[in-house]
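User: I'm new to reading protein models and could use a hand with this one. Can we go through it question by question?

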Amino acid sequence: MTKINTSLHSSRRKSRKAHFQAPSSVRRVIMSAPLSKELREKHNVRSIPIRKDDEITIVRGTNKGRTGKVISVYRLKYVIHVERVVREKSNGQPVPLGIHPSKVQIVKLKGDKDRDSLLERISKGRAEKAERSKA
């Protein structure tokens, strides 16, 4: 059986290397978060790269159920920081907790023209694919 996508490695070693040495543009795509059910119905898109000022709900981990606004997207560490999700250091100073974007759900998008065009492009492609499968 041949490989479906020849540009990707099936080797664990090479896949890990590609992941941890990925440039910022690739990390943006890897750091995608699923949309809430309402947004998924509205935009016909399952997930989208997360960005600052999106409102999210944490769906996994000890902070499950907490909601807040994304205050930073830390691409180097593959984590996001959410407002009011902090940990106290031994000296009492608060430190933001890093959360992986796959463990959150976007409930409100920060829209701009680039993001709106991205959503439009994806949903249009999905609609065309659905029409082709019907015919």
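User: How many helices and strands are there in the chain?

Analyst: Helices here are DSSP runs of H or I with at least four residues, strands are runs of E with at least two, and both are numbered from the N terminus. Starting at the N terminus, the elements go α-α-β-α-β-β-β-β-β-β-α. That makes 4 helices and 7 strands.

User: Before we go on, what kind of model is this, and which values can I use?

Analyst: Residues are numbered from 1 along each chain as its sequence is written, and side-chain values use heavy atoms, with hydrogens and water left out. Local features need pLDDT of at least 70 and side-chain atom pairs count only at pLDDT 80 or more, while totals for chains, interfaces and linings use all residues, since this is a predicted model.

User: What share of the residues of the chain counts as buried?

Analyst: Buried means under 20% relative accessible area, exposed means over 50%, and partly exposed is in between, using a 1.4 Å probe and protein chains only. The C-alpha atoms fill a box of roughly 65 × 40 × 25 Å along the principal axes. The chain has 135 residues, and the share that counts as buried is 26%.

User: How far apart are the mean positions of the positive and negative charges of the chain?

Analyst: Lys and Arg count as positive, Asp and Glu as negative, and His and the chain ends are not counted. Each charge is placed at NZ of Lys, CZ of Arg, CG of Asp or CD of Glu. With 34 positive and 13 negative charges, the mean positions are apart by 11 Å.

User: What is the order of the strands in the open sheet?

Analyst: Two strands pair if DSSP finds at least two bridges between them. The edge strands, each pairing on one side only, are β6 (94-99) and β7 (104-108). The open sheet has 5 strands with antiparallel pairing, in the order β6-β5-β4-β3-β7.

User: Which residue in β7 is the bridge partner of Thr57?

Analyst: Strand β3 covers residues 55-58 and runs antiparallel to β7, joined to it by 4 bridges. Along this pair, Ile58 stands opposite Val104. For Thr57, the partner in β7 is Gln105.

User: And on the β4 side, which residue is the bridge partner of Glu55?

Analyst: β3 is joined to strand β4 (residues 67-74) by 3 bridges, and the two run antiparallel. Ile56 stands opposite Gly68 in β4. Glu55 has as its partner Lys69.

User: Which residue sits in the turn of the hairpin of β4 and β5 with a positive phi?

Analyst: β4 pairs with strand β5 (residues 79-88) in the antiparallel sense over 4 bridges, and Val73 has Ile80 as its bridge partner in β5. The hairpin leaves 4 residues between the two strands. The turn residue with a positive phi of about 60° is not a glycine; it's Tyr78.

User: Is Tyr78 buried or exposed?

Analyst: Tyr78 sits in the loop between β4 and β5. Its relative accessible area is 5%, so Tyr78 counts as buried.

User: How far apart in space are Val86 and Pro96, C-alpha to C-alpha?

Analyst: Val86 lies in strand β5 and is partly exposed, with a relative accessible area of 43%. Contact means heavy atoms within 4.5 Å, and leaving out residues up to four places away in sequence, Val86 touches Pro94, Val95, Pro96 and Leu97. Val86 and Pro96 are 10 residues apart in sequence, but their C-alpha distance is 4.3 Å.

User: Where is Asn44 found?

Analyst: Asn44 has a positive phi of about 60° although it is not a glycine. With a relative accessible area of 38%, Asn44 is partly exposed. Its place is the loop between α3 (37-43) and β2 (47-49).

User: Which residues is Ser123 in contact with, leaving aside its neighbours within four places in sequence?

Analyst: Ser123 belongs to helix α4 (residues 113-134). Its relative accessible area is 16%, so Ser123 is buried. The residues in contact with Ser123 are His43, Asn44 and Val45.
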